[in-house]
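Dear colleague,

I am passing on the structure we spoke about, and my notes on it follow below. Please look it over before reading on.

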Amino acid sequence: GGGGRGGGGGGGGQACDQEIRRDQEEGQVLLRKTCVDSVKGKVHVTCSVVRDTTPSGRSHEGVCSTWLQAHAQGDLGVLRGSGELPAVVPVPVFIRHSVFRLPKDPSTPIIMVGPGTGLAPFRGFLHERAAIKLSQPGAALGPAHLFFGCRSRAQDYIYEAELEALLAGGALSNLHVAFSRDSVDKDYVQHHIRRQAGALWPLLAGGAHVYICGDAKHMAKDVHRALTEVVQEGLRNGGGGEGDN
């Protein structure tokens, strides 16, 4: 499996927070927690490769993530012991219903929080907004804030060029990036949300849609707490100004 943790860890798209794992009883590979998006007739999978060492010293490798990595690198045949890589490798998956969809009205503001592989569905959102902008020149797109986090800009900033292009093209209005290991003080997406309270509160008060994708155990709770503080501060102040970009 794969994914990010917290604001600095770990895409139109409808499946999110799923991972492929081996069901030992049924002997089937199930799609459960990897973020997936579909673009231009293809399926793009954003997956973090899992390789860990347990406290007892045992090496642990994610079944899905290392399988996908080997396939991408042309080493799958070696893993199977055949020494040859099949021309076509079927991947058994199932599609789970998702509630991740853009608002019907493209002028509705959206706030997206997707650190690590949680970015996947929002790639789909932003490409759809770019298509609307291209096919409907007069269409009014609402503000779109994206909060993305990873450990290091140099190693983990996935889709950096694509996000910058979407920002320049207007499909994305504000990009906020947190790098948790690039400075002495760890920087997570929830910190950026708090710093952007003045810009986010008017959007929330005006009916913005909020989407969170990624680590439900750690990051989602911290983000929920940060958004709650933004709302509380906005209600106390009776409004808010524009934050920095």
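Which handedness does the β-α-β unit made by β7, α3 and β8 have? In this model, which is a predicted one, β7, α3 and β8 form a right-handed β-α-β unit.

Strand β7 (residues 110-113) has the highest mean pLDDT among the elements of the chain, at 98. Its residues Ile110 and Met112 point one way, while Ile111 and Val113 point the other way, and all are buried; in a regular strand the side chains alternate between the two faces of the sheet. β7 pairs in the parallel sense with strand β8 (residues 144-150) over 4 bridges, where Ile110 has Ala144 as its bridge partner, and β7 also pairs in the parallel sense with strand β10 (residues 209-212) over 4 bridges, where the partner of Ile111 is Val210.

Helix α3 (residues 120-135) has 16 residues and spans 23 Å from its first C-alpha to its last, close to the expected 22 Å. Its buried residues include Phe122, Phe125, Leu126, Arg129 and Ile132.

As for the whole chain, there are 8 helices and 10 strands, and 42% of the 245 residues count as buried. The mean pLDDT is 79, with 74% of the residues at 70 or more. Some care is needed at residues 1-34, where pLDDT stays under 50 although the model has 119 contacts beyond four places in sequence for them, and at residues 240-245, where the pLDDT is also below 50. Where pLDDT is low, the predicted coordinates should not be read in detail.

With best wishes

Methods. Residues are numbered from 1 along each chain as its sequence is written. This is a predicted model: local features need pLDDT of at least 70, side-chain atom pairs count only at pLDDT 80 or more; totals for chains, interfaces and linings use all residues. Side-chain values use heavy atoms; hydrogens and water are left out. Helices (H or I, at least four residues) and strands (E, at least two) are DSSP runs, numbered from the N terminus. The expected span of a helix is 1.5 Å times one less than its number of residues. Buried means under 20% relative accessible area, exposed over 50%, partly exposed in between (1.4 Å probe, protein chains only). pLDDT is the predictor's confidence in each residue, from 0 to 100. Contact means heavy atoms within 4.5 Å. Two strands pair if DSSP finds at least two bridges between them. A crossover is right-handed if, with the strands pointing away from the viewer, the path from the first strand over the helix to the second runs clockwise.
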